[in-house]
Amino acid sequence: MGKLDGKVALITGAASGIGRAITERYIADGACVMAGDIDVAGLAALEAQFGSSVATLLCDVTSETEVAALCECAIERFGHLDIVVANAGAGTYGLITDLPLDEWRRIIDLCLTGVFITLKHAGSRTSDGGSIITIASLNAIQPSQGMSAYCAAKAGVAMLSQVAAMELGGRKIRVNTIAPGLVETNATSGMFSIPIIIEEFTENATLSRFAQASEIAAVASFLASDEASFMSASFVSVDGGGNTGRYPNLPQAFASLNT
Ligand SMILES: NC(=O)c1ccc[n+]([C@@H]2O[C@H](COP(=O)([O-])OP(=O)(O)OC[C@H]3O[C@@H](n4cnc5c(N)ncnc54)[C@H](O)[C@@H]3O)[C@@H](O)[C@H]2O)c1
């Protein structure tokens, strides 16, 4: 018997990386998954792999209409909604003095407003006693030069999630935040092409390594399950101890490429 048997989960950004690993893990645990993403091919691959355990819908988390449709689709397809993972996100690089305002707004819109929209529409439809998980980042608590918009958005996600935990607590819905450290996904492939960044990351992590997406999914599985029944408004670092160190010096690493 799986620990999520009979549960229905909605996951944003489900077509790749951490979102895909959580989809895979939840289905292995017995849940059905409503997967949203902007990547058509990635969604088709989920359907091919998981069949009737998954339903997919094109959904840009910055669109309130599309997120509302994703939530409706989960209920139409599977009957109810018990678990929500607000996962979609991406970073950008640029020092504050150089960062175009449009780029700042794009990242805040995707990483912070997208989570707000997901909490708004999925929160109102989640069954009493359900579990909502937001994916923040080590950068919610550890600043990085060149990542102002991402760091500010992820710190915002942590606080937004605590507010949601307070507002939804009356319905016994738990809201928790996972803060991954460095995970090998499409989003970080650029970093993995610069060895000095990866070396700094692994030096700063007490476990001296980076993570695979399945290790984040394992924590998301626990938080979604009844085993985490007394956890809400928690900020769960899954960073191999990276929060004890400091973030890699990205400007220096990029400058070293040009010398
Ligand atoms: N990989 C890491 O090291 C790491 C560390 C900390 C936090 N995170 C966070 O984990 C989450 C997942 O990142 P990942 O590493 O798996 O990245 P990824 O690029 O592998 O996957 C992100 C997915 O989100 C989708 N997406 C992008 N914009 C979207 C939008 N507007 N609406 C809906 N879907 C959208 C992409 O198509 C992709 O499928 C993000 O919130 C990211 O900030 C990642």
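The model is predicted, with local features taken at pLDDT of at least 70, side-chain atom pairs counted only at pLDDT 80 or more, and totals for chains, interfaces and linings using all residues. Residues are numbered from 1 along each chain as its sequence is written, and side-chain values use heavy atoms, with hydrogens and water left out. Helices (H or I, at least four residues) and strands (E, at least two) are DSSP runs, numbered from the N terminus.

Two strands pair if DSSP finds at least two bridges between them.

Strand 1 (residues 8-12) and strand 4 (residues 83-86) run parallel and are joined by three bridges. Leu10 has Val84 of strand 4 as its bridge partner. Contact here means heavy atoms within 4.5 Å. Axes are lines fitted to C-alpha atoms, for helices over the stretch in contact, and angles run from 0 to 180 degrees between N-to-C directions.

Strand 2 and strand 3 pair in the parallel sense over five bridges. Ala35 stands opposite Thr56 of strand 3. Together, strand 2, helix 2 and strand 3 make a right-handed β-α-β unit. A crossover is right-handed if, with the strands pointing away from the viewer, the path from the first strand over the helix to the second runs clockwise.

Helix 1 and helix 2 pack at about 20 degrees, with their axes 12 Å apart. The two helices are therefore roughly parallel to each other. Angles under 35 degrees count as roughly parallel, over 145 as roughly antiparallel, 65 to 115 as roughly perpendicular and the rest as oblique. Helix 1 passes helix 2 in a right-handed crossing. A crossing is right-handed if the near helix is turned clockwise from the far one by less than a right angle, and left-handed if anticlockwise. Arg20, Thr23, Glu24 and Ile27 of helix 1 meet Ala45, Leu46, Gln49 and Phe50 of helix 2. These residues divide into four nonpolar, two polar and two charged. Ala, Val, Leu, Ile, Met, Phe, Trp, Tyr, Cys and Pro count as nonpolar, Asp, Glu, Lys and Arg as charged, and the others, Gly among them, as polar.

The axes of helix 1 and helix 8 (residues 213-224) come within 8 Å and cross at roughly 55 degrees. Helix 1 is therefore oblique to helix 8. Their crossing is right-handed. Residues in the contact include Ile18, Ala21 and Ile22 in helix 1 and Ile216, Ala217 and Ala220 in helix 8.

Helix 4 (residues 101-125) and helix 5 (residues 148-168) have axes that come within 8 Å and cross at roughly 15 degrees. Helix 4 is therefore roughly parallel to helix 5. The crossing of this pair is right-handed. Among the contact residues are Trp104, Ile107 and Phe116 of helix 4 and Tyr150, Val157 and Leu160 of helix 5. By class, the contact has 16 nonpolar, three polar and one charged residues.
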